[in-house]
Amino acid sequence: MQRIHLDHSSSKSIHPQVIKIMMPYFSQKHGNPSTIYSQGHEAKEAIEDAREGVASLIGAKSNEIIFTSGATESNNLAIRGVSYRNRTKGDHLISSTIEHMSVINPLKYLGKKGFKTSYIPVDRYGTIDLEVVKKTIDNNTILASVIYANGEIGTIEPIREISEIVHSKNAYLHVDAVAAAGQIPIDVKKDNIDLLSLSSNDLYGPKGVGALYIKEGTRIQPIIYGGGQEKGLRSGSENIPGIVGMAKAAEISSRNMNNESRRLRALRDNLITGILDTIKESYLNGHPTMRLPNNVNIRFKYIEGESLILSLDMEGVSASSGSACTSKTLEPSHVLRAIGLPHEDAHGSLLFTLGSGNEEEDINYVLSILPRIVKKLRKISPLTPKSLLEDT
Amino acid sequence: MYSDKVLEHFRNPQNMGEIPNADGVGTVGNPVCGDLMTIYIKIKDNRIDDIKFKTFGCGAAIATSSMTTVLAKGKTIEEAMKITRKDVANQLGGLPPVKMHCSNLAAEGLHKAIEDYQKKVEKK
């Protein structure tokens, strides 16, 4: 049975052109850029070219890109590095209730270290409340960290408006753009963003690599100390194959973004409409229009997400859920709770994230099996009203 | 993550449904936690003559419910009261550690259903 991968936010396959360009850097081109002989130069050049490639995806300058081990490290470096470096200016940090754990947990850590943290609520579509940002920010605020678009519910945030508010108080703006990058155009200059995190795998590049854009002049200190690589902000011998691969992935993403996003949006809308039209008491999570092209998040009343995923898995489909049963913490997704869903509804969510390999026939296949799966699980559930079982 | 036996019971749950005039009904769990199950029993000559379940929850919740009903069917009340969640997990070839406590509730549901039956008998 050929599997249908609809969980691209968890993992993406690496683009063949990316693998091809990486290969020589594992063997003959194994130089360390800190050395001064010719292989070292070759490696140095490869990193600098890669910086250019990643910078162009987000409208940055190449000297504003630092390579890291992934988006988790980028988020940590941005948040902890800026907070500690600017502590003399203030100790207030702002974020939202729908951030990734690699933003929430560094902020929680800083909260224990004496910083004050505020989390801006979102509306039922997951959009950050600008009025609350205005009321919460003050002269003591040094950093706001906000997600560009949430990978779980797909909602795209009003970054430019947030940027204006944050900069009116001379605070820095960090943006986690992991889910958004490569799907929607990002311009750090137009949006006036100070720091922005990127992940390689989310662009169909290798895992274990990421980048942080740091606007020239931003006051930041490292979180990893050592030999002083990456302008002293990320010590450790550079992962050259990974960096070269990430840059190639960024370049391909930039080139294909318009067409690929248009293609995915059409598939996404077919899947959403197909589910909502055929399955009663199913509802879309996240924003109906300000939404990532690849994101479909639906909740089904009366059933639980893990059993949906298991059932889909048995029929060859990979998907995800915000249910507690699929998490390590046994809590339902904080994002689904933040948009106001009660626990029992959050448990019943199903997340499809589309990607390059998906075609219309994949969507049609899911639409052909999902109503039966939902019906079966609803039949087992004691919560399902009898009337619903009779007429579906 | 799950054993073949768990997946088998998830795919084809045994004794799923309700018993309209059940002699005992036991509900455990809470939809807020993501697991809720109800066990229905019919008693004849001190034995569990029929048993059915309904479950809202993950794969482990559905499989343990199914296995509990299989283990209990035909047993005397005393024997059924001795079925533990550990027995259920063992019969399923084990459960992931996190599922042992949150989703493996059906044995308690069975005990509750039996207690419900016993209370009804005492009242008569």
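The side chains of A:Glu306 and B:Lys99 meet in a salt bridge, with 2.8 Å from N to O. This is a predicted model. Between chain A and chain B the count is two salt bridges. Nine residue pairs, both members at pLDDT 80 or more, are in polar contact between these chains.

**The A–B interface**

On chain A, the elements that give two or more residues to the side touching chain B are α8 (305-314), α10 (343-347), α11 (360-380) and α12 (386-391). α8(A) gives the most, with five residues. By class, this side of chain A has 11 nonpolar, five polar and six charged residues.

In total, 22 residues of chain A are in contact with 27 residues of chain B. The size of an interface is often given as the accessible area lost when the parts come together. Here, the area buried between chain A and chain B is about 2000 Å². Carbon and sulfur atoms give 70% of that area.

**The three-stranded sheet of chain A**

Three strands of chain A form an open sheet in the order β9-β10-β12, with antiparallel pairing. Its edge strands are β9 (282-284) and β12 (349-353) of chain A, and each pairs on one side only. From one strand to the next, the twist averages 25°.

β9(A) and β10 (residues 295-300) of chain A run antiparallel and are joined by three bridges. A:Ser282 has A:Phe300 in β10(A) as its bridge partner. Helix α7 (residues 240-278) of chain A lies across β9, β10 and β12 of chain A. α8(A) packs on the sheet too, touching β10 and β12 of chain A.

**The seven-stranded sheet of chain A**

A second open sheet in chain A has seven strands, in the order β2-β8-β7-β6-β5-β3-β4, with mixed pairing.

A:His174 has A:Leu195 in β7(A) as its bridge partner. Helix α3 (residues 71-85) of chain A lies across β2, β3 (92-96), β5 (141-147), β6, β7 and β8 (210-214) of chain A. Helix α6 (residues 159-168) of chain A packs on the sheet as well, touching β5 and β6 of chain A.

**Helix directions against strands**

| Helix | Reference strand | Angle |
|---|---|---|
| α3(A) | β7(A) | about 165° |
| α6(A) | β6(A) | about 155° |
| α7(A) | β10(A) | about 10° |
| α8(A) | β12(A) | about 45° |

**A hairpin in chain B**

In chain B, strands β1 (residues 24-30) and β2 (residues 35-44) run antiparallel, joined by seven bridges. B:Thr27 has B:Thr38 in β2(B) as its bridge partner. The hairpin of β1(B) and β2(B) has four residues between the strands. Which residue of this hairpin takes a positive phi? B:Gly34 does, with a value near 95°.

Definitions and conventions: Residues are numbered from 1 along each chain as its sequence is written. Chains are lettered from A and ligands numbered from 1 in the order in which they are written. Side-chain values use heavy atoms; hydrogens and water are left out. Two strands pair if DSSP finds at least two bridges between them. Contact means heavy atoms within 4.5 Å. Axes are lines fitted to C-alpha atoms, for helices over the stretch in contact, and angles run from 0 to 180 degrees between N-to-C directions. Buried area is the accessible area (1.4 Å probe) that two parts lose on being put together, summed over both. A salt bridge is a side-chain nitrogen of Lys or Arg within 4 Å of a carboxyl oxygen of Asp or Glu. A polar contact is a pair of N or O atoms within 3.5 Å; within protein, one must be able to donate a hydrogen and the other to accept it, and residues adjacent in sequence count only if both atoms are side-chain atoms. Ala, Val, Leu, Ile, Met, Phe, Trp, Tyr, Cys and Pro count as nonpolar, Asp, Glu, Lys and Arg as charged, and the others, Gly among them, as polar.
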